[in-house]
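Trainee: I would like to learn how to read the features of a structure. Could you take me through one?

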Amino acid sequence: MGEITLEKMSDEYFDVLKEIGNIGAGNATTALAQMMQCKVDMAVPQVKLLEFKELGEIMGGEELIMAGIYLGIEGDITGSIMFLLEKQAARHLVSKLMGMASEGEEFTEMEFSALKEVANIITGAYLNSLSSLTNLCIYPSVPDLCVDMAGAILSVPAIEFGALGDKMLLIQTQFFDEMILDGYFILIPDLESYGKILSALGLG
């Protein structure tokens with residue numbers, strides 16, 4: 001199982017990953033709409049295999065300020081996931097959720113807490129879709145949320161990602177209510193877990 005690498009992934013497996021992205025983003029959209037009590041639409045998610053160094057560019061540059069949530073996954077598969085949202089989009093979500101304008105350079109403690117709740121629900125939606133499709137038990141760790149430059153946020157998984165090869169899976173999703181919200185979901189299972197996912201999907 002340890003021989004699985006992203007470079008050797010079959011088109012069939014990539015299609016399944018796209019399906020996970022579609023279902024996860026759909027679940028996240030539904031959850032966001034319920035949370036914010038308004039209509040939220042979603043563009044078809046873009047699923048890409050990227051080199052780690054390309055991530056910052058895809059998101060609009062490593063200096064762009066973003067809100068990033070990072071958590072470990074345990075259970076039948078192990079690894080980590082990240083969800084990143086541009087700061088203005090994060091501020092918009094917090095404003096809608098709290099029913100009041102979010103202003104000032106820094107998020108207040110209450111806003112930060114609301115943002116963590118949003119990120120929890122979004123990452124949970126993706127993990128649930130992965131779990132449903134594979135019938136694997138997946139448990140998220142307590143999430144870590146930070147607001148910083150994209151490059152700084154991405155440096156955290158970059159360290160552990162070094163052992164996994166050159167590419168990673170990025171699911172880019174646009175959510176719409178009154179504005180466009182670009183969300184980036186990054187899945188970083190360890191290599192053995194890729195084997196388990198393949199086997200669970202009948203592709204291994």
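**Reading the fold and its charges**

Mentor: Starting at the N terminus, the protein chain runs through its elements in the order α-β-β-α-β-β-α-α-β-β-α-β-β-α. Helices (H or I, at least four residues) and strands (E, at least two) are DSSP runs, numbered from the N terminus. This is a predicted model, where local features need pLDDT of at least 70, side-chain atom pairs count only at pLDDT 80 or more, and totals for chains, interfaces and linings use all residues. Residues are numbered from 1 along each chain as its sequence is written, and side-chain values use heavy atoms, with hydrogens and water left out.

Trainee: How many helices and strands are there in the protein chain?

Mentor: The protein chain has six helices and eight strands.

Trainee: And how do I read burial?

Mentor: By relative accessible area: buried means under 20%, exposed over 50%, and partly exposed in between (1.4 Å probe, protein chains only). Here, 46% of the 204 residues of the protein chain count as buried.

Trainee: What should I look for in a salt bridge?

Mentor: Look for a side-chain nitrogen of Lys or Arg within 4 Å of a carboxyl oxygen of Asp or Glu. Searching the whole structure gives one salt bridge. Lysine 39 and aspartate 41 form a salt bridge through their side chains, at 2.8 Å, N to O. Lysine 39 is exposed because its relative accessibility is 62%, whereas aspartate 41, at 38%, is partly exposed.

Trainee: Which residues form the negative surface patch?

Mentor: First, the idea: patch residues have over 30% relative accessible area and no salt bridge, with like charges joined within 9 Å and nonpolar side chains (Val, Leu, Ile, Met, Phe, Trp, Tyr) within 5 Å. Accessible areas come from the Shrake-Rupley method with a 1.4 Å probe, and for residues only the protein chains shown count as cover. Lys and Arg count as positive, Asp and Glu as negative, while His and the chain ends are not counted. Each charge is placed at NZ of Lys, CZ of Arg, CG of Asp or CD of Glu. In this case, Glu54, Glu57, Glu62 and Glu63 make up the negative patch.

Trainee: Where is glutamate 54 placed?

Mentor: Glutamate 54 lies in the loop between β2 (46-51) and α2 (55-58), and is partly exposed at 31%. Glutamate 63 belongs to the loop between α2 and β3 (65-75) and counts as exposed at 66%. Glutamate 63 and glycine 151 are 88 residues apart in sequence, with 6.4 Å from C-alpha to C-alpha.
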